[in-house]
Amino acid sequence: MWWGVGAALVANLLYSVGFVVEKRALGKLPALSAGRPLRVVLVLLTSPLWIVGALALAAGFAAQLVVYRALPIAAAQGIFVSGLVLLLLLSSTVLGEESTGRERYALGGVLVALLMVVASVREGEDTVGSGAPWMLVLLVCVPALAAGVWLYVRVESRAHNRHRVPTSGIGYGVAVGLLYGVSSLAVKGTSSRLTTTDLGEAARSLFGSPYPYLLLFTAVAGLVMSQTALQRCRASLIVPVCTTVTCLFTAVLGTLAFGESLPDDPLLLALRVAGTLLALTVLLAMPRHDPPPAAAPS
């Protein structure tokens, strides 16, 4: 179990560094548009700094594969959320981003929710799911993908309305979080298929499942959507929202899909449920728009 915790902390470090480096690179690139995905990819590949950030995220993805072999889904998501602390420190020191008081309280609430979820995990009592019926996985993932794309398009259309208050990025974060939630379930499913040293058998098992195809779609769509949103919004806001949605989606639906039982102890069960509800409540209470810029003195 503890080597899984170590891998999760390494993944947190890699993801936080990757997002901050990408955000730094995006500030020097021309404006991106999700409506032109090929141009987005071509522009991103012209930036060596962005490629460094992308490689850090890819390494975090590899560490995530290790995590899902060792930890229950709910426990893994609770540890992943802890990476928000490092992300906020990096975004403040490297990017110079400042959060509002309301956002800091909200993120503090998310961390309290994290501690509640982690406290509900007991080694030897939680089971690590080894697989899920692929029809059930599709039943969970396809509506989430559709909802994420629909929400992103809706937020994009509103963002181009010059008369609206500037968006804070909450909608972008929720939309991308749904895609990454599906990706996280696909990573979990992929790890459950790579249980043999026979490469041919492992490949047949993997490509006979929906997981590689879900990963391919979420990788391409998530790349275009996340980078466009990250260029327009503060990393210190959009990434925590995205992470919270991803973790809640994966912990709740992944636990059910992969047959990982909830705690039998009433206190541990209450901690896990209350932590999940607290994170959802905090997410819904976060401001939807950035405050208007202060008027210049005449």
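**Salt bridge.** I looked for salt bridges (a side-chain nitrogen of Lys or Arg within 4 Å of a carboxyl oxygen of Asp or Glu) and found one. Glu156 pairs with Arg232, and their closest N and O atoms are 2.0 Å apart. Glu156 sits in helix α7 (residues 134-159) and Arg232 in helix α10, so the bridge ties together parts that are 76 residues apart in sequence. Helices here are DSSP runs (H or I, at least four residues), numbered from the N terminus.

**Ground rules.** I kept in mind that this is a predicted model, where local features need pLDDT of at least 70 and side-chain atom pairs count only at pLDDT 80 or more, while totals for chains, interfaces and linings use all residues. Residues are numbered from 1 along each chain as its sequence is written, and side-chain values use heavy atoms, with hydrogens and water left out.

**Largest pocket.** Next I checked the open space, on a 1 Å grid over the protein atoms alone: a pocket is an open set of points with protein on both sides within 12 Å along at least five of seven lines, a cavity is a set where a 1.4 Å probe fits but cannot get out, and lining residues have an atom within 4 Å of a point. The largest pocket holds about 860 Å³, volume being the space filled by probe spheres set on the points. Of its 33 lining residues, Tyr15, Phe19, Leu57, Gln64 and Tyr180 are the closest to the centre. I sorted the lining into 19 nonpolar residues, 13 polar and one charged. In this scheme Ala, Val, Leu, Ile, Met, Phe, Trp, Tyr, Cys and Pro count as nonpolar, Asp, Glu, Lys and Arg as charged, and the others, Gly among them, as polar.

**Cavities.** How many cavities of 30 Å³ or more does the structure hold? I found two. The largest cavity has a volume of about 100 Å³, and its lining includes Phe19, Tyr180, Gln227 and Cys242. I noted that α8, α10 and α11 each supply at least two residues of that lining. By class, the lining has eight nonpolar, three polar and no charged residues.
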